[in-house]
Amino acid sequence: MATPTIIIGIGTSGLYTLEHVQRFYYETYKTNKPENVELLYIETNETNKPTGTPIGNDITRVYISLDSMEKMIADIKTSCNNPAWLPDPRVVLTAGLGAGGIRSCGRLALWGKNQQGDNFSNVINAINHAYANVMRIANHAVNQTTKPTVFITGSLTGGTGAGILIDMGYLIRHLIQDIKDLYGLFLLPKEPTALRGYEVMYGNSFGAIKDLEYYNKIENKYKEKWPNGFAKEYSEPPYELVQFISQDYQDGNPAISSLNGLYKMAGLYLFMNIAGIYEKRRERLVDASGNSLIGKYGTFGLSAIQFPKDQIQEFISSQSSILLLERLTDPSQYYLNGALRQISRASIKQNMAIVWDSIIEKAFSTLNTVGQNDLLVSIEKEAIRINKQNIKGSVVEYIISMFTSTQNDKYYALVSNNIKSAQNEFVDGIFEQVDSNLQNTESLYFAKYVLEDLIESIERTLNYWKSLGMSSQPSNWDNELRKLAIGCTQNTYKTVFEQDSVLKDRLYAILELMKIHLSIRILIDICKHVKDSKIKLQGGLHELPKLEFFDRLIERINALIGKNDGMEESTISFTRRLNDITGDINDKTLPILRVYPSNSFEKECAKANEMYNQKSGGSVRSMKDVIQTQNIFEYFKRKSAGKLNEEIYLDFLKAYRLKVDALNCIEDFNVASYIKNHLDESITTAKRATSPFLKINRILSPNPYLPRFIVGSDNNEIVEVINAFQGKNNYDFQDSKDGKSELTNLKNIIVFYDEKGNFQMTTDLGYIQLMKDAFENVPSGLADENITKERWMNNRSAYSTQ
Amino acid sequence: MENLFFDIIYSTVQQLIIKILVFISLTGILIWFIDLVLTKLLFKRSKQRKELSMRLSFLWSIFVYFILFNIYIFVLLHYIGLDAFDFLAGMFYLGIMPQLIVYLGLIIMFLSKQFTLRNIINEKQIN
């Protein structure tokens, strides 16, 4: 039974590392994590949120807010015996944007509470929840209690990770008292070529290492009164073992060129632990620890030979997403029934004029009935009454009284009170036109033109009505009504016995004109709503679309496909992602050798794309690929209410990745066979694992007590690789029980792992003196005159250690 | 009666006036009758305004009557013979004046009613 495990990411680096863990796990097992593992992430930056895999996200986020810092400090002062580490209350941070690189602020975020919530309780609840989950699975599986292991990961350069790493260690020990192991994996900045501009990063890292060193000594005690009322005192170190990695090799040469590469390696390491190497490592580490061969600090080297199936999948999924988004935002062409057509503005205008006529006809006909009362029948009876002279007063006055705005119990009032139903018809009619055209063409420009031309037709109608002397003013209507009433009494066609039908028809005409008068305001509002976006109009079923909605949507989608990169929203973009993937694939400093059946990433992508087109039935991408039978307009409207770019990016990518996966467009590749055919470059890659990712000024000789092994999907293949290496006189990896780790589902990759320990961070780290200088000295040339040496060091400190 | 409709020889002013009045009255009655029939038969399913249908029916009535009147003129020609038509004699015109008045009146009325209807249709008004 696998060990119940909780991995906690702290700070932004912690999140990025967890995202890689989740991603590696998904690539291998098609789930985000095993059931016995929980991924938790604690962050002070509100905007950072976990990005999921195609099947979603399983990283639980705990946001620890730093809003109202002064109040938080005052609360802690009173409830926690005024601890000395609290930041200066005059420090002002922008709410929601992290701890500002100040370690004590990071720690304050963990301890404090404000209107956003009680951070300390939230973190405790999240850990307890994760703990309960992993234990429930473990107990259910083996019917006996299994002790859990916790990994905490993050970087020590910022305020959050470097601020809370000690507290988190002891908090975990407090909450999970039967813990098996508590490991830390922290990322350090690489050896600096120049400190200038990076003093905060190195100063914070030194402060965190110094604090860790302090609490690792058995004579030093962690003694705090926590905000939950517990007075805690620990003399044991916070972590069983803390591993550090950076972008350097042991000799100082660059191991990983980008920070993202470092997160990736940290993610790969944690992924392999939850996938199965943890037990193997532990067997060795227990022995090493018992013989004092590892100490409290460790590091590791890692390299891999990989067929990047997932990157290929993501690459072609991103390309498909771009194709679909380009289809949606093509201003001149659209697809109808699979055929590419030009958008003809003249034809849309013509059609919309006809459509508008039918909408208005339908809307006016709804006004003919008020409740059970059919106004047309009622008017017909009135016409007969008038012709039979069954009325009081003159015919003209009687007709005026029927339709005048001053009577609140006659036709004017009846229609006026019912005018909302006409508005509903207008709005719903316009919406349905725009919606059905968008649904059919999947072109945002086409839908926008439909809306524009409908509005043009409305404006034309309004101008025509205006030329007839119609207006929305009741007084004008009453004047017009008098003329109409007089007209009713002239030329009555009594001679041909048609007086009733003619009068009825004339009264109907007055009713229609009254509807026009009452609709003018609505139509003006509709035009304003669509064009100026100042008024919000709701129909019976839908809200009226706005031109601005389409413009904004097109603009943001263009940002997503990199067409207007200057935009704020363009932080996420498919084009950028394509570049990132290509950059990652071509990154020669990352200790991962990418191998392909065709020897080229581009060829593999082209092959996969071709396969996708064949299996999915064509090269035209459709919204049905992403949202199936859902409504396109409603989908974009829903997404616009949230973080549109992010959500569309994830939805599209997820949909295409799932399709590419389901259609099996990319075949697995036997990496072991590649290694046997390309021994020299494979041995060079494997050798990179034997140098740890940390510049240590101490010879770290291979030690049989420390884990060093090859990870692959099949033990026989691993043995073949080891034998092939030894055939070339390379004996770095041994064909022994400890030298191999089989993870059955780990396809398309072979990993080389070598763990190191038995060194002191404060003496053996190659650039510790530079870090110390950054910690102790205020950088020269700071514009802020208030920064004294004491204040600078206080910002780099979070614990009361010497 | 036969002389009233098939005699184009002028006799007296009094007779001429009587003849003109008879022709105009008969024309009015016949057009009314045709219009009455046509208003009941035409445009029953039309969605256009009743006002327009009525005016159109009236134009049709004039047209129908005009055809009937032309038939009458043809019969008249046949009855009295072409020799009786002396277009150079002034008395001839006095004798045929009732027919001429009706004939020209029908054309003028048709054009006038058609002009009014066209105005109603083209004008920016609904009623």
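This is a predicted model: local features need pLDDT of at least 70, side-chain atom pairs count only at pLDDT 80 or more; totals for chains, interfaces and linings use all residues.

Which elements does chain B run through from the N terminus on?

Modeller: The mean pLDDT of chain B is 90, and 94% of its residues reach 70 or more. Within chain B, the element with the lowest mean pLDDT, 77, is helix H1 (residues 2-6) of chain B, while H2(B) has the highest, at 95. For the complex, the predictor gives an ipTM of 0.88 and a pTM of 0.76.

To your question, then: starting at the N terminus, the elements of chain B follow one another as α-α-α-α, and the count for chain B is accordingly four helices and zero strands. The radius of gyration of chain B is 18 Å, whereas the globule rule gives 14 Å for 127 residues, and because 18 Å is well over that value, chain B is more spread out than a compact globule. Of the 127 residues in chain B, 14% are buried. As for contacts in chain B with a separation of 6 or more, 74% of them are accounted for by residues 24 or more positions apart.

Next comes the side of chain B that touches chain A. Here 12 residues of chain B are in contact with 15 residues of chain A. On the chain B side, the elements that give two or more residues are helix H2 (13-41) and helix H3 (50-80) of chain B, and the largest share, four residues, comes from H2(B). Sorted by class, this side of chain B has four nonpolar, three polar and five charged residues. H2(B), which gives that largest share, is also the element of chain B with the highest mean pLDDT.

The partner deserves a description of its own. Chain A holds 28 helices and 19 strands, and its C-alpha trace spans about 125 × 65 × 60 Å along its principal axes. Buried residues make up 46% of the 802 residues in chain A, and of the contacts in chain A between residues at least 6 apart in sequence, 77% join residues at least 24 apart.

Chain A is divided into domain 1 (5-239 + 767-795), domain 2 (314-328 + 561-662), domain 3 (341-549) and domain 4 (672-692 + 710-749). The centres of domain 2 and domain 3 of chain A, taken over C-alpha atoms, are separated by 48 Å, and the contact between these two domains takes eight residues from domain 2 and seven residues from domain 3. On the domain 2 side, helix H8 (309-328) and helix H21 (632-641) of chain A are the elements that give two or more residues, with H21(A) supplying the largest share, three residues. By class, that side of domain 2 has four nonpolar, three polar and one charged residues.

The 18 residues of helix H6 (residues 199-216) of chain A should span 26 Å at 1.5 Å a residue, and its end C-alpha atoms are 25 Å apart, which agrees. H6(A) is also mostly covered, with 15 of its 18 residues buried.

Key:
Residues are numbered from 1 along each chain as its sequence is written. Chains are lettered from A and ligands numbered from 1 in the order in which they are written. Domain bounds come from an automatic or database domain assignment. Ala, Val, Leu, Ile, Met, Phe, Trp, Tyr, Cys and Pro count as nonpolar, Asp, Glu, Lys and Arg as charged, and the others, Gly among them, as polar. The radius of gyration is taken over C-alpha atoms; the globule rule is 2.2 Å times the number of residues to the power 0.38. A residue is buried if 20 or more other C-beta atoms lie within 10 Å of its own, exposed if 12 or fewer, and partly exposed in between; C-beta atoms are placed from the backbone. pLDDT is the predictor's confidence in each residue, from 0 to 100. The expected span of a helix is 1.5 Å times one less than its number of residues.
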